[in-house]
Amino acid sequence: SVVAGPATKLAFTAQPTSATTTQLFPIQPVVAVQDAGGNTVTSGTNSNASVTLAIGTNPGGGTLTCTSGLTRVAVSGVATFSGCAINNAGVGYTLTAGASGLTGATSTAFTVGAPVASITLTTSQSTITWQGGIVLTTVFGTNGGTKPFTLQATRDNITWFTIASLTTDSAGRNVFAYRPPT
């Protein structure tokens, strides 16, 4: 019979895939304890290693979280992570996996995209909840209560900033003016 050799390294057997900030990776990372030939070591020394995930390349200054925790004990040579997400957008993130006495692994690069919000404008106030508990609200002004209006971002009942303003120009067209947060 052929058996795996001694554990020497870690390898991602399921790579994290691109996602939106704070949203779970569509494919969650799985890390295997392997021998020099790339075979999963299912028993013996280090088959139950404690594997820790971290961000390797961090283009967006993000923070990695996993509901299962950032350290998992391998079961029969496999450490399965769940509920993993990164909170900041960036292109080219990688994850690393490490365990005592084993050569670490680096995932393939992936993208964490910024969330997109949309709000349908009506003649009454519209509110949507966006990412991370941020609420976007249209606030109407004068001129019959419909225009101009502003789009405000609030969190924990505190207005952070006015994102944009919509007015009507002299030709009767709606004009959307973006104002970056201050």
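## Ring pairing and the aromatic cluster

Rings of Phe, Tyr and Trp (its six-membered ring) are taken to pair if their centres lie within 6.5 Å; planes under 30 degrees apart count as stacked, over 60 as edge-to-face and the rest as tilted. By this criterion, ring pairs link Phe25, Tyr93 and Phe110 into a cluster, and the structure holds two aromatic pairs. Phenylalanine 25 and phenylalanine 110 are edge-to-face, at 5.2 Å centre to centre with 70° between the planes. Phenylalanine 25 lies in the loop between β2 (19-20) and β3 (30-34), whereas phenylalanine 110 belongs to strand β12 (residues 110-113), so this pair ties together parts that are 85 residues apart in sequence.

Phenylalanine 25 is buried, with a relative accessible area of 3%, and phenylalanine 110 also counts as buried, at 3% relative accessibility; buried means under 20% relative accessible area, exposed over 50%, and partly exposed in between (1.4 Å probe, protein chains only). The rings of tyrosine 93 and phenylalanine 110 have centres 6.2 Å apart and planes at 20°, so this pair is stacked. Tyrosine 93 is in strand β9 (residues 90-93) and phenylalanine 110 in strand β12; the pair links distant parts of the chain, 17 residues apart. Tyrosine 93 is buried, as is phenylalanine 110.

## Basis of the model

This is a predicted model, in which local features need pLDDT of at least 70 and side-chain atom pairs count only at pLDDT 80 or more, while totals for chains, interfaces and linings use all residues. Residues are numbered from 1 along each chain as its sequence is written, and side-chain values use heavy atoms, with hydrogens and water left out.

## Overall composition

The protein chain contains zero helices and 17 strands; helices (H or I, at least four residues) and strands (E, at least two) are DSSP runs, numbered from the N terminus. Of its 182 residues, 34% count as buried. The chain exposes about 9700 Å², of which carbon and sulfur atoms supply 54%; accessible areas come from the Shrake-Rupley method with a 1.4 Å probe, and for residues only the protein chains shown count as cover.

Contact means heavy atoms within 4.5 Å. Among contacts between residues at least 6 apart in sequence, 46% join residues at least 24 apart.

## The sheet around strand β12

Three strands form an open sheet in the order β2-β12-β9, with mixed pairing; two strands pair if DSSP finds at least two bridges between them. The edge strands are β2 and β9, each of which pairs on one side only. Strands β9 and β12 run antiparallel and are joined by three bridges.

Threonine 111 is found in strand β12 and is the bridge partner of valine 91. Threonine 111 counts as partly exposed, at 29% relative accessibility. Leaving aside neighbours within four places in sequence, threonine 111 is in contact with Ser18, Ala19, Gly90, Val91 and Gly92. The C-alpha atoms of threonine 111 and glycine 90 are separated by 5.9 Å, although the two residues are 21 residues apart along the chain.

## Confidence

The predictor's confidence in each residue is given by pLDDT, from 0 to 100. The mean pLDDT of the protein chain is 79, and 62% of its residues reach 70 or more. Over residues 143-147 pLDDT stays under 50, and the model has nine contacts for this stretch beyond four places in sequence. Residues 177-182 have pLDDT below 50, with 11 contacts in the model beyond near neighbours in sequence. Where pLDDT is low, the predicted coordinates should not be read in detail.
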